[in-house]
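User: Hi! Could you walk me through this one? I'd like to start with how the chains touch.

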Amino acid sequence: MDPRFTALLAPFLKHLHGREITEESPLPELGLDSMQSIELLFAIEDAFGVPLPDEDLNDATFATAGSLWTAVRAARAAHEGSVGAP
Amino acid sequence: MTVAPERTLPRTIQERAAEVAEVAAAHAERTDREASFPVETLAALRASGLLGLLVPVADGGLGGSTADLLRAALRIGRADVSAAMIFAMHCQQTAAVLAHAGPRLRAEVLPELAAGRLYLASVTTEAGSGGHLLSAESRLRTAEGDLVVDRFAPIVTGGAHADAFLISMRGPDDDAPGRLSLVYARRDQLEISGSGDWQPMGMRASHSVALRLAGTVPQDQVVGGHGGFSRIATGVFAPLAHLGWSACWLGAASGALSRVLRMLRDPAGRSRSALGSELLLTRLSTVRARLDTVHALLWRAERMVAEGVDLSTPPRQLLLNALKITAAEQCHAAVDELITAVGMRHGYLRDSPTRLERTLRDLRSAALNYSNDRLHLADGRLALLDPEVRLA
């Protein structure tokens, strides 16, 4: 995972208590609730310049740091693909 | 001449619900006055087989669907919304056991449910959580391989009469308040103490008292595994709570409208001038439209849940929350408007056969029961997550 991504994620996880974020880190159990997901989403958009597609906005995407990172990476790839296209 | 013996057909779910509703109606005035649990209605629920409504036929139950549950709640809600809530909330608990209990626990619980011997209550709110399900401070401990439960709960509907409880607590190794486990505990496994004080405005027969539960249960009474509660809450409790509560409230408001219409049409009390009143006709129209709106939303949401789709997406969460918010507001507004329509004697007096006074007090709880204010905050955020506005 991109260190920028884990640094951005950490403040949303109030039960992380300084531990390292791994792909398996369970986001809801570490303190991410549905009320905060919108703020997290905006933070991702600002940092990586892409919005997550609407169909990725479900519990499965927000289950672990790894599942969320996979969605962010896919959104960036799709965005760069469309920007790079002639 | 011989007469063929009368064949006794198995009763339909709706016939069973009608029998329970009759008992509930007969005792509702007293249980409301005394703020006491409707023990006669629970006995009728046990005898009717409806406590095992959702249990598969193969396990001795009625094999009913969520739609059957909603129709039964609507029917019982017409007579007594407290009794309907007791039934609907029991069914939420059984749905969690059916979907998530391990084989040993299922084998113990399902026959008991089917036989009407098991009324299940839920202990999923905690002092300081504000009705929020997904946080709890109380923690399970392990002792000699078993789990030690010690939990205070500020409000347990039917807690003094339940045969067993589903209790949410932090697991023995869970250090995050967001990671909860759901534990099944029988009354004989627990020491139960409570204040017994219960003097609410309405829903008085729901007898929702504060309890302390303490005891020891085996590990296999954890439902859905340690940390499994949030999955059960999203997949079972939240959708069934919003559907079930809405059906109870719609039943209550439908019963109120029905009683008012029968009174207005009764030849003895009919006065041509009253039925010709444009104000009265407009009010009846508005009340009816409120109920049709909730009815349409209820069955749309039921279809969506029955399709088995992922309910965690913003459009689907918004629809389920909108059902609860709308049912709470519109059912209460409908009964309030009926009171205005029929006036002081039949709207405001306790002994009127319209029973609007009791129904209004009961339905006043709807917006507070898992607060509409909090749901609106969640819905505002969820709306921002769906800029395309994909209506579910």
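Analyst: Happy to. In this predicted model, the contact between the chains takes 17 residues from chain B and 12 residues from chain A.

User: Which elements give two or more residues to chain B's side?

Analyst: Those are α6 (229–265) and α11 (372–384) of chain B. The most comes from α11(B), with 3 residues.

User: And how does that side divide by class?

Analyst: On the side of chain B that touches chain A, there are 5 nonpolar, 6 polar and 6 charged residues.

User: Switching topic, what domains does chain B have?

Analyst: The domain assignment gives domain 1 (13–114), domain 2 (120–223) and domain 3 (229–384). The C-alpha centres of domain 2 and domain 3 of chain B are 29 Å apart. Their contact takes 10 residues from domain 2 and 11 residues from domain 3.

User: What gives the largest share on the domain 2 side?

Analyst: Strand β5 (residues 180–186) of chain B does, with 3 residues. By class, that side of domain 2 has 6 nonpolar, 4 polar and no charged residues.

User: Is B:Tyr370 buried or exposed?

Analyst: Buried, because 21 other C-beta atoms lie within 10 Å and the cut-off is 20 or more.

User: What about B:Val389, buried or exposed?

Analyst: B:Val389 is exposed, with 9 other C-beta atoms within 10 Å. This residue lies in the segment after α11 of chain B and has a positive phi of about 60°.

Notes. Residues are numbered from 1 along each chain as its sequence is written. Chains are lettered from A and ligands numbered from 1 in the order in which they are written. This is a predicted model: local features need pLDDT of at least 70, side-chain atom pairs count only at pLDDT 80 or more; totals for chains, interfaces and linings use all residues. Domain bounds come from an automatic or database domain assignment. Two residues are in contact if their C-beta atoms, placed from the backbone, lie within 7 Å. Helices (H or I, at least four residues) and strands (E, at least two) are DSSP runs, numbered from the N terminus. Ala, Val, Leu, Ile, Met, Phe, Trp, Tyr, Cys and Pro count as nonpolar, Asp, Glu, Lys and Arg as charged, and the others, Gly among them, as polar. A residue is buried if 20 or more other C-beta atoms lie within 10 Å of its own, exposed if 12 or fewer, and partly exposed in between; C-beta atoms are placed from the backbone.
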